[in-house]
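Subject: Handing over the structure

Hi there,

Here is the structure I promised to pass on to you. Please open it alongside this email, and I will walk you through what turned up.

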Amino acid sequence: MTRAALYPGTFDPVTNGHNDLIRRAATMFDRVVVGIAASPRKTPVFDLKSRVDMAQIVVGDVENVEVRGYEGMTVDFARENNLPVMIRGLRAVSDFEYEFQLATMSRQIAPDIETVFLTPAEQYTYISSTLVREVASFGGDVSKFVHPRVRDALVRFYAKK
């Protein structure tokens, strides 16, 4: 039996905190799918293809990890891809309430899918995609927070603005 998990999110952009969780999940599961949600309501900075490409660059060296974009409900994507576990990241206590609500709603919709919470290494607990975008939008150096190729994509994006 293969232990498989889905790590869903918008990943706009993928950060070093995401990378940490993905790599640690890869040691716990035989197969990890990083599911990048289209999330049009969030109006992401990067389109879905760009977010998938960046995540593939960041974790492409991890054999049991694949990156895939999707639209629609996360639990439907999990079921369609035989992923009975969803991984959610908790950086701080402030994340818990929202993530707990998501996990509870998911359990109501799809009781066959379990949610597992992981916390990032301490040096990544303050990093969020939102904060990275904010710093980058002002021309700040985000090299400590993201992969160099993601940094380059952010610099290019905000240079056009």
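Beyond its neighbours up to four places away in sequence, Tyr-7 touches His-18, Leu-21, Ile-22, Val-33, Val-34, Gly-35, Ile-87 and Gly-89, where contact means heavy atoms within 4.5 Å. Tyr-7 sits in strand S1 (residues 4-9). Helices (H or I, at least four residues) and strands (E, at least two) are DSSP runs, numbered from the N terminus. With a relative accessibility of 6%, Tyr-7 counts as buried; buried means under 20% relative accessible area, exposed over 50%, and partly exposed in between (1.4 Å probe, protein chains only). One of its contacts, Gly-89, is 82 residues away from Tyr-7 in sequence, yet the two C-alpha atoms are 8.7 Å apart in space.

Before you go further, a word on the source: this is a predicted model, in which local features need pLDDT of at least 70 and side-chain atom pairs count only at pLDDT 80 or more, while totals for chains, interfaces and linings use all residues. Residues are numbered from 1 along each chain as its sequence is written, and side-chain values use heavy atoms, with hydrogens and water left out.

Next, have a look at Asp-12, in the loop between S1 and helix H1 (16-28). Asp-12 is buried, at a relative accessible area of 5%. Its side chain reaches the backbone nitrogen of Val-45 at 2.7 Å. That is a polar contact, a pair of N or O atoms within 3.5 Å; within protein, one must be able to donate a hydrogen and the other to accept it, and residues adjacent in sequence count only if both atoms are side-chain atoms. Setting aside neighbours within four places in sequence, Asp-12 is in contact with Pro-44, Val-45, Phe-46, Arg-51, Ser-129 and Arg-133.

Now for helix H4, which covers residues 93-109. This helix has 17 residues and reaches 25 Å from its first C-alpha to its last, close to the 24 Å expected at 1.5 Å a residue (the expected span is 1.5 Å times one less than the number of residues). Which residues of H4 are buried? They are Asp-95, Glu-99, Ala-103 and Ser-106. The buried residues of H4 pack against helix H3 (74-80), strand S4 (85-89) and strand S5 (114-118).

On to the aromatic rings. A search of the whole structure finds seven aromatic pairs. Rings of Phe, Tyr and Trp (its six-membered ring) pair if their centres lie within 6.5 Å; planes under 30 degrees apart count as stacked, over 60 as edge-to-face and the rest as tilted. One of the pairs is Phe-96 with Phe-117, whose ring centres are 6.4 Å apart and whose planes meet at 50 degrees, so this pair is tilted. Phe-96 belongs to helix H4 and Phe-117 to strand S5, 21 residues apart, so the pair links distant parts of the chain. Phe-96 is partly exposed at 41% relative accessibility, and Phe-117 is partly exposed at 30%.

Tyr-126 and Phe-145 form an edge-to-face pair, 6.1 Å centre to centre with 90 degrees between the planes. Tyr-126 lies in the loop between S5 and helix H5 (129-137), and Phe-145 in the loop between H5 and helix H6 (148-159), so the pair ties together parts 19 residues apart in sequence. Here Tyr-126 is partly exposed at 49%, whereas Phe-145 counts as buried at 15%. There is also an aromatic cluster, formed by Phe-46, Phe-157 and Tyr-158.

How many salt bridges does a search of the whole structure find? The search finds eleven, a salt bridge being a side-chain nitrogen of Lys or Arg within 4 Å of a carboxyl oxygen of Asp or Glu. Three of them are these:

- Arg-31 with Glu-66, where the closest N and O atoms are 3.3 Å apart. Arg-31 is in strand S2 (residues 31-37) and Glu-66 in strand S3 (residues 65-70), 35 residues apart.
- Asp-112 with Arg-79, with the closest N and O atoms 2.9 Å apart. Asp-112 lies in the loop between H4 and S5 and Arg-79 in helix H3, so parts 33 residues apart in sequence are tied together.
- Asp-152 with Arg-151, at 3.0 Å between the closest N and O atoms. Asp-152 is partly exposed at 29% relative accessibility, and Arg-151 is partly exposed at 26%.
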